[in-house]
Structures are given as structure tokens and as C-alpha cells.
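Please keep both in view while working through the numbered points.

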Amino acid sequence: MSDAAEQMPGAVAGRDMRPARVKVWDPVVRLFHWSLVGFFAFSFLTGDEWKSAHIVSGYIIGGLVAIRVLWGLFGSEHARFVNFIYNPFTVLRFLAETAGMRAKRYIGHNPAGGAMVIALLLMISGIVATGYMQTTDAYWGVEWVEDAHETLVYATLGLIALHIVGVVLASIEHRENLVRAMVTGWKRRD
């Protein structure tokens, strides 16, 4: 089947004329996501072994977070925070429904995914801030800053593990490859 026919099965079958797929994740979101994955992994692996590269990677991560925050305010529909920040009760209800494999499917971020985006942005911002602090005369060698940096890194690894579990569960529950969607930008409409 051609790509056009896949996107518009109604034109072929004479039914619904809406596209079968919808563009959800724009290039900024996808580039941010996969760049952050790579630079976070690089920073984690180089922390004690290759300080200069670790510091440069930290600055890049800080820049990525700044771009994502701006894009969350002014970017495309599914990238904007107002479209995926839910109240805590909605997030908890969604998690309970997910545990029963009966959660509603969302085209953009679901309530748990939206909460995870915010949690990860906050944690990574803390990592960047404490990492930067360690490069200044005022905080170089200060133990609580080093401890906070390391604690935030390991807490973020825990969040990343939960994020991956959530992506796998949602992919199974809704029969949709969310990793592929974050690579291509496209998701199934219905």
C-alpha cells in the first residue's frame, strides 16, 4: 500500500476521509528527546573519567532544556505544556486505569507522560545547575553540591526507568509503537 493510501484509507475504501495517521511529534520535540537521551548517557559515562567533555555535554543539555521550555510555551500543539499538564488527581486516575489496562489513549502525551516530562525537566535542570555550581569558585569542592548533583543523577535514572516502563505498557495497551512515533513523529489517529 502506498504511503498516501495508508494515510487516507477512506479514499481507497470509500469510508472515512480522515487520514489514518496524524503528525504528533514535530522535529524540535524529536530532536530534543533523542539528543537529550544521547547527551545524558554521554554525561553519565564521562562524569569522573573525562571532565572537560562532561562539562561541555552539561552545557549542551542545559541549552536543550532551555529550548524545550521555550518550545513548551510557544511550540506546536502537542509540544505545548498547556496541552499535557494535568492535575494530580487526573494523573493518579490515569495510572490506576493503566494498571488495569483500560486507560484512555491520547494522541499527545497522556497524563502520566506529561507529568514525567515535567519531572524530568525539573530533575535535569537541577543536575545542570549543580553541575555548573561545581565549576565556580564559590561552590567548587563543596560536598553538598557534589552530593546533590549525584543524587539528582541517580533519581533521574530511576525516572528514566519508569518512563521506559510507561512507554512499553502504553505501547502494549494501545497496540502502538511509541518509540517509532518518537522517531517518525507519526501516530495512528484512532
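1. The model is predicted. Its largest nonpolar core consists of 10 residues: Phe-32, Leu-36, Ile-61, Leu-64, Val-65, Phe-81, Phe-84, Val-117, Leu-121 and Ile-124. Two or more residues of this core come from each of helix 3 (27-46), helix 4 (51-74) and helix 6 (111-133). As general background, nonpolar side chains in soluble globular proteins tend to be buried together.

2. Which residues does Leu-121 touch, leaving aside those up to four places away in sequence? Its partners are Phe-32, Val-65, Arg-68 and Phe-81. A second, separate core has 8 residues, including Phe-40, Met-123, Val-153 and Leu-159.

3. An α-helix has 3.6 residues a turn, so residues three or four places apart point the same way.

4. Not counting residues up to four places away in sequence, Val-145 touches Thr-130, Met-133, Gln-134 and Tyr-139. Ser-125 lies 20 residues from Val-145 along the chain, and the C-alpha atoms of the two are separated by 14 Å.

5. The largest pocket has a volume of about 1300 Å³. Its lining comprises 47 residues, and those nearest its centre are His-33, Met-116, His-163, Ile-164 and Val-167. Helix 3, helix 5 (88-99), helix 6, helix 7 and helix 8 (178-184) are the elements that give two or more residues to this lining. Helix 7 gives the most, with 12 residues. By class, the lining of the largest pocket divides into 32 nonpolar, 9 polar and 6 charged residues.

6. The second largest pocket holds about 800 Å³ of space. It is lined by 27 residues, with Gly-47, Lys-51, His-54, Gln-134 and His-149 nearest its centre. Which element supplies the largest share of this lining? It is helix 4, with 6 residues. At least two residues each come from helix 3, helix 4, helix 6 and helix 7. The lining of the second largest pocket divides into 13 nonpolar, 9 polar and 5 charged residues.

7. The whole chain may now be considered. It has 8 helices and 2 strands, arranged along the sequence in the pattern α-α-β-α-α-α-α-α-α-β. The C-alpha trace spans about 70 × 35 × 30 Å along its principal axes. Of the 190 residues in the chain, 37% are buried. Among contacts with a separation of 6 or more, 59% are between residues 24 or more positions apart.

Note on methods
Residues numbered from 1 in each chain as written. Predicted model: local features only at pLDDT ≥ 70, side-chain atom pairs only at ≥ 80, totals over all residues. Heavy atoms only, no water. Core = buried A, V, L, I, M, F, W, Y, C linked by side-chain atoms within 4.5 Å. Buried < 20%, exposed > 50% of the residue type's maximum accessible area, 1.4 Å probe, protein only. Helix = DSSP H or I, 4+ residues; strand = E, 2+ residues; numbered from the N terminus. Contact = heavy atoms within 4.5 Å. 1 Å grid on protein atoms, 1.4 Å probe; cavity = no way out; pocket = protein on both sides within 12 Å on 5 of 7 lines; lining within 4 Å. Points joined across faces, edges and corners; volume = space filled by probe spheres on them. Nonpolar A, V, L, I, M, F, W, Y, C, P; charged D, E, K, R; others polar.
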